[in-house]
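My plan is to look at the overall fold, then at a single residue.

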Amino acid sequence: MIVDLNTLLAILAMAVATIATRIGGLVLIRYVTIGENQKRALEAIPPAVLMAVIAPTAFVTGPAETIAAAATAVAAMRLPLLASVAVGVVSVALLRLVL
Amino acid sequence: MQEFRAAAIAMTPLIVAVMPIGLVFGAVAASKGLAPAEVALMSALVFAGGSQFVAMDIWTHPASWAALGFSALLVNIRHVLMSASIGGKLDNFTGPARYASMLLLADEIWAMAEMRASNGKLTPAWYAGLAVPFYCVWVLTSLSGALLGAFLGDPKVTGLDFAFPAVFIVLVMGFWKGRETGAVLAASAFAAVLTHQLLPGVWYIAAGAAAGVVVALLSGARKEAHA
């Protein structure tokens, strides 16, 4: 079980970045009061980031991925997390066979 | 100790739900060429599923610490809001305990801690009961996924490579709060796809995030103008 140096550095960079965000709010409330605009911007970040991450897969990878992404989104309105993910995984596997 | 146990019991459904996600994370990480020890180390030190999924999406050989650190910062920036919110409810914590507890501020733990703070007393023991078992399960299931990964087959054929995007799609739907969210998502998707086609690396995540925030601020300003 050897740990690659570049991988170790990458993991440490991710850890430092993540810890900074987790401590960040505690530090922030000591110095800043969060107003309406700041709150609105912070609230928009999670959906915007998640959307950005999936957009290339969902829209420009292939028809199987696009259809499966739509199926997952529809499933998410009715089903719990795990079931919706299962819908996405199964449908992409089947669509890749067919398309 | 009693508080710890009660909190751990309250956390059980979320612990069960995170198990398959940990297994899939480990399996896909192994398929990207990470050793089981590296997978366990990442889960132990980063402990933020979303950013770990994204890291696997953009993983290169050799790994680029700058790109991965930057994307972890972007994906996890929501923690700032979460810790700012729960940070005001840690009256029973000593100074160092406040900072220590924030190290394990995953979405699920945060949500359960907020719930406790609203209808009970959030103590360090309660918080530990929420966080510690959940943390251990995350690390152990990702390690197991990495070790079993080879037996799970090619993730492209089984569709498991789609598990992360699917998790994100479900999470995005969870953030839906009406038309305003739709505008944020549309802006983010458009900017991300465009940037993805034009620039290498993870700039598309930054572009999508920025476009979404700009749209949120603009629609907020318009709402205030109307009011």
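**Notebook: fold and one residue**

I looked up contact range in chain B. Of its contacts between residues at least 6 apart in sequence, 75% join residues at least 24 apart. I keep in mind that this is a predicted model.

Next I checked secondary structure. I find 12 helices and zero strands in chain B. Reading along the sequence, I note the pattern α-α-α-α-α-α-α-α-α-α-α-α for this chain. I then looked up the radius of gyration of chain B, which is 19 Å. The globule rule gives 17 Å for 227 residues, and the two values are close, so chain B is as compact as a globular protein of that length.

I also took the extents. The C-alpha trace of chain B spans about 60 × 55 × 30 Å along its principal axes. For burial, I get 49% of the 227 residues in chain B as buried.

**One residue in chain A**

I turned to A:Ile45. I located A:Ile45 in helix 2 of chain A, which covers residues 36–60. Is A:Ile45 buried or exposed? I count 23 other C-beta atoms within 10 Å of A:Ile45. The cut-off for buried is 20 or more, so A:Ile45 is buried.

Which residues does A:Ile45 touch, leaving out those up to four places away in sequence? I list B:Ile77, B:Arg78, B:Ala209 and B:Val213. These contact partners carry the chain letter B.

Last, I checked a distance within chain A. A:Ile45 and A:Pro56 are 11 residues apart along the chain. Their C-alpha atoms are separated by 18 Å.

Note on methods:
Residues numbered from 1 in each chain as written. Chains lettered and ligands numbered in written order. Predicted model: local features only at pLDDT ≥ 70, side-chain atom pairs only at ≥ 80, totals over all residues. Helix = DSSP H or I, 4+ residues; strand = E, 2+ residues; numbered from the N terminus. Rg over C-alpha atoms; globule rule 2.2 N^0.38 Å. Buried ≥ 20, exposed ≤ 12 C-beta atoms within 10 Å, placed from the backbone. Contact = placed C-beta atoms within 7 Å.
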